[in-house]
Amino acid sequence: SDVGRDATMVFTMGDEHTEIYPRSNECYANGCPSQPELPDDPLEIQPPAEEIEKVKVESIAAVPRLKDATVIRSTACFLAGSDDNRPVVGRVPKTSNAIIACGGGCWGILNGPAMGEAAAALALGEEPPIDMGAFDPMRFDSSYVPTVAKDLPPKLMALVAQNPDLAEALRQDPERIMNILAMMQD
């Protein structure tokens, strides 16, 4: 197959989500196979041998002629993400003068300019050009969730924490909203 000869990117649909990028004199393949703890020392970040092998297998399955390619280097990196896999952009809870814009994950390069524009607007005391409610850091602050919701299963608790309007409705009419959430749980 000539996949890669004309600088075509290849994205696999396998478990490792391998991406293959041909370059002028080499081919770069990466995957997102694991989520280990972030070490204190960045020099300790090493890709596990079994994960490297999984990415190699998936790369060769997608582009068979890579079978005899020499591996020049193996590296690992961490993508900044959040617990709910959405960016975090807004005022830092319980502070008066701090803005946070992070958690773009693999889409950080694409979303970074918009995240920066929103963070700059907030820092200047202006409204961002789009509604940033879905990215508000307050969604992770358990004190922001109404007391009645604290006994919910984790997924429903996260739903309440991520939706300020739902949290407010829960404060105003807890019995009705708890009944609706219970129906969603079934």
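Reply: Arg23, Glu26 and Arg73 are linked in a network of salt bridges, a salt bridge being a side-chain nitrogen of Lys or Arg within 4 Å of a carboxyl oxygen of Asp or Glu. This is a predicted model, in which local features need pLDDT of at least 70 and side-chain atom pairs count only at pLDDT 80 or more, while totals for chains, interfaces and linings use all residues. Residues are numbered from 1 along each chain as its sequence is written, and side-chain values use heavy atoms, with hydrogens and water left out.

The element names follow DSSP runs, numbered from the N terminus, with helices (H or I) of at least four residues and strands (E) of at least two. Glu26 is partly exposed, with a relative accessible area of 24%, and Arg73 is exposed at 54%; here buried means under 20% relative accessible area, exposed means over 50%, and partly exposed lies in between, with a 1.4 Å probe and protein chains only.

The structure holds five salt bridges, and among them are two that lie within helix α1. Side chains of opposite charge can pair when their charged atoms come close. Lys54 forms a salt bridge with Glu51, the closest N and O atoms being 3.9 Å apart, and because these residues are three apart in α1, about one helical turn separates them. Lys54 is partly exposed at 39% relative accessible area, whereas Glu51 is buried at 12%. The side chains of Lys56 and Glu53 also meet in a salt bridge, at 3.7 Å from N to O, and they too are three residues apart in α1, separated by about one helical turn. Lys56 counts as partly exposed at 34% relative accessibility, as does Glu53 at 40%.

In α1, Glu51, Val55, Glu58 and Ser59 are buried. They cover an arc of only 100 degrees around the axis, which puts them on the same side of α1; the arc is that of the directions from the helix axis to the C-beta atoms. The face of α1 turned away from this buried side carries the exposed residues Ala49, Val57 and Ala61.

The buried residues of α1 pack against β2 and β3, with contact meaning heavy atoms within 4.5 Å. As a whole, α1 lies across β1, β2 and β3 and runs at about 125 degrees to β3, the axes being lines fitted to C-alpha atoms (for helices over the stretch in contact) and the angles running from 0 to 180 degrees between N-to-C directions.

Those three strands form an open sheet in the order β1-β2-β3, with antiparallel pairing, and two strands pair if DSSP finds at least two bridges between them. β1 (10-11) and β3 stand at the edges, each with a single partner strand, so one side of each is left without a neighbour in the sheet. Two bridges join β1 to β2, and Val10 has Ile20 in β2 as its bridge partner. Ile20 in turn has Ala29 in β3 as a bridge partner, and four bridges join β2 to β3. Tyr21 stands opposite Tyr28 in β3.
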